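Please keep the sequence and the coordinates at hand while reading.

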Amino acid sequence: MVVTRFAPSPTGYLHIGGLRTALLSYLWARRNNGKFLLRIEDTDFSRNDEAAARAIVEAFKWVGLEHDGEIEYQSSRLAIYQEYAQKLLDEGKAYRCYMSKEELEALREEQSARKERPKYDNRYRDFTGTPPEGRESVIRIKAPLSGTLTVHDGVKGDVVFNVEDILDDFIIARADGTPTYNFVVAVDDALMGVTDVIRGDDHLSNTPKQMVVYDALGFPIPKFFHVPMIHNHEGKKLSKRDGATDVMMYKQLGYTPEALLNFLVRLGWSHGDQEIFSLSEMLELFDPSDINRSASVYNVEKLDWLNSHYLKNMPNEKLCELLEFHGVVLISHDKREILLDAVKERAKTLVEMAILIGEILVRPADYDEAALKKGYKEDSKEVLEKFCAALQSAEQLHLPSDYHHVMEQVVSELGIGFGKIGQPLRIALMGKLSGPGLDSVMAIIGVDETLARVEALLQR
RNA sequence: GGCCCCAUCAUCUAAUGGUUAGGAUUCCAGAUUUUCAUUCUGGCCAUAGGGGUUCGAAUCCCCUUGGGGUCACCA
């Protein structure tokens with residue numbers, strides 16, 4: 001069985017890059033009828049992990065990802081880590097080191113001065129004497145001293161590290177007894193039965209250390225897939241400074257989960273020329289071995305395009321539901337089908353759509369000067385009056401086509417082009433020269449409101 | 001700086017060692033539209049550089065250059 005996991009450290013919200021690795025892990029687990037687990041890496045107690053977990057679950061819920069089982073908190077697994085650290089101690093695979101922080105610091109400075117790699121000098125590796133009086137100790141693991149270590153990565157291929165270049169007897173438990181990251185990750189992944197680790201490639205250089213832990217504890221090493229980072233426009237790792245990195249911000253901004261996931265899955269992965277992927281298509285097609293090796297740049301234009309695509313193809317009922325979050329309540333509006341059909345192809349986000357709807361439903365408070373200049377001419381008054389008269393004598397005005405018919409009538413009676421009536425009417429109804437088809441707008445607001453708006457412009 | 005990773009249009013990407021290097025987004029132009037948007041059609045734009053290997057290289061190898069990541073009693 002394939003077991004994957006998402007293991008964020010609690011930063012307070014779910015990062016967009018985090019969502020991507022979570023998505024990929026999720027897809028791979030689901031595709032194999034496996035399990036997708038969630039673990040909060042909160043061994044540093046100074047942070048508020050409760051809130052972080054809630055934020056992550058909320059974001060997962062919004063995009064529709066579901067994790068299996070209970071959320072694991074590392075902060076509540078301390079006894080387990082201690083047990084395994086003790087086991088290594090007992091087996092002589094780890095040892096206590098009584099070196100003080102100051103001594104360590106001094107050693108590193110010396111080494112740097114000699115242009116050597118800062119590295120623990122193993123002074124307590126085989127220490128058997130009596131421990132120095134009143135000294136705190138950390139636990140270090142015995143790492144291999146020479147040779148090479150190969151990470152078999154499903155994305156990068158075999159990555160060979162020279163042990164002397166990268167390893168030393170690293171600390172697995174601090175002086176206060178709390179375990180360190182590389183130790184707990186390995187222990188937890190092993191204990192939770194994780195078979196496929198899919199994570200950012202910033203963790204690639206941690207992997208040898210974790211492999212040392214796996215080996216010492218006799219755990220089987222999982223498959224690794226180190227997926228390339230998402231970069232910003234400067235080509236650097238995406239960070240908070242780059243605008244929206246909080247997943248829930250995308251909800252705020254009016255993006256749909258479908259668009260966001262579609263966007264993220266296409267970063268570093270593709271399937272021929274296909275651009276649009278439903279979740280079920282992703283599930284059917286995604287394989288982490290197909291992930292690209294190079295980093296990709298995050299660009300909003302494509303997200304916008306995807307979002308408008310999903311908006312255009314969304315049933316009105318669903319749109320209606322989503323718009324409520326943006327303050328637009330249409331549930332009891334009798335012309336909501338016409339309204340949504342009129343706006344759904346014109347908005348890139350739900351926020352834009354909400355604005356558009358407001359512009360239709362609310363009588364314009366003022367008129368755009370430039371529009372008046374361009375579209376409201378000498379003869380406009382007369383045309384509008386004629387149009388009002390025609391509207392008043394017309395019967396059964398319901399559909400956009402009904403209104404269109406009246407417009408046609410007036411145009412042909414006066415022997416003028418559509419623009420002659422369209423522009424002034426548009427100003428009357430919308431206050432500006434852009435917007436949805438006028439026939440739709442009139443059908444939505446109705447005859448009375450149409451007449452009132454035209455009247456308002458004429459009385460101005 | 002050591003170690004590791006990466007390199008096709010501006011961006012996301014495709015291309016059994018043999019293609020006029022394809023698609024998508026952006027941008028530009030035209031068509032459609034009473035307007036704007038949508039939609040449709042078309043256009044601009046790429047194999048980082050240099051060496052090899054090969055009949056033939058975007059693709060394999062080496063070097064250079066450029067970019068990124070990582071080097072804690074953080075995660």
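Which residue in β10 is the bridge partner of R199? The partner is H226. The model that shows this pairing is a predicted one. The two residues belong to a parallel pair of strands, in which β9 (residues 196-200) and β10 (residues 223-227) are joined over five bridges. Strand β10 is mostly covered, since four of its five residues are buried.

Antiparallel pairing is found around strand β5 (residues 138-141). With β4 (residues 94-97), strand β5 pairs in the antiparallel sense over four bridges. In this pairing, C97 has V138 of β5 as its bridge partner. Strand β5 also pairs with β8 (residues 171-173), again in the antiparallel sense, over two bridges. There the bridge partner of I139 is A173 in β8. In a regular strand, side chains alternate between the two faces of the sheet. In β5 both faces are covered: V138 and R140 are buried on one side, and I139 and I141 are buried on the other.

The loop that leads from α4 (101-113) to β5 contains K115. Although K115 is not a glycine, its phi is positive, at about 60°. K115 counts as exposed because it has 6 C-beta neighbours inside 10 Å, and a residue with 12 or fewer falls in that class. Another case is Q396, a non-glycine residue with a positive phi of about 55°. Q396 lies in the loop between α16 and α17. Q396 is likewise exposed, because 6 other C-beta atoms lie within 10 Å.

Two packed helices are described by the angle between their axes and the distance between the axes. For α16 (residues 380-393) and α19 (residues 438-459), the angle is about 160° and the axes are 11 Å apart. The pair is therefore roughly antiparallel, as angles over 145 degrees are placed in that class. The crossing of α16 with α19 is left-handed. On the α16 side the contact is made by K381, L384, C388 and L391, and on the α19 side by V447, T450, L451, V454 and L458. By class, these residues divide into seven nonpolar, one polar and one charged.

How do α17 (400-414) and α19 meet? Their axes come within 8 Å and cross at roughly 120°. For this reason α17 is described as oblique to α19. The handedness of this crossing is right-handed. The residues P400, S401, Y403, H404 and M407 of α17 meet D439, S440, M442 and A443 of α19. Sorted by class, the contact of α17 with α19 has five nonpolar, three polar and one charged residues.

Both α17 and α19 also take part in covering another helix, α13. The buried residues of α13 (residues 336-343) are I338, L339, L340, A342 and V343. What covers them includes, besides α17 and α19, the helices α12 (316-324) and α14 (350-361).

Definitions and conventions
Residues numbered from 1 in each chain as written. Chains lettered and ligands numbered in written order. Predicted model: local features only at pLDDT ≥ 70, side-chain atom pairs only at ≥ 80, totals over all residues. Axes fitted to C-alpha atoms, helices over the stretch in contact; angles between N-to-C directions. Parallel < 35°, antiparallel > 145°, perpendicular 65-115°, else oblique. Left-handed = near helix turned anticlockwise from the far one by under 90°. Contact = placed C-beta atoms within 7 Å. Nonpolar A, V, L, I, M, F, W, Y, C, P; charged D, E, K, R; others polar. Buried ≥ 20, exposed ≤ 12 C-beta atoms within 10 Å, placed from the backbone. Pairing = 2+ DSSP bridges.
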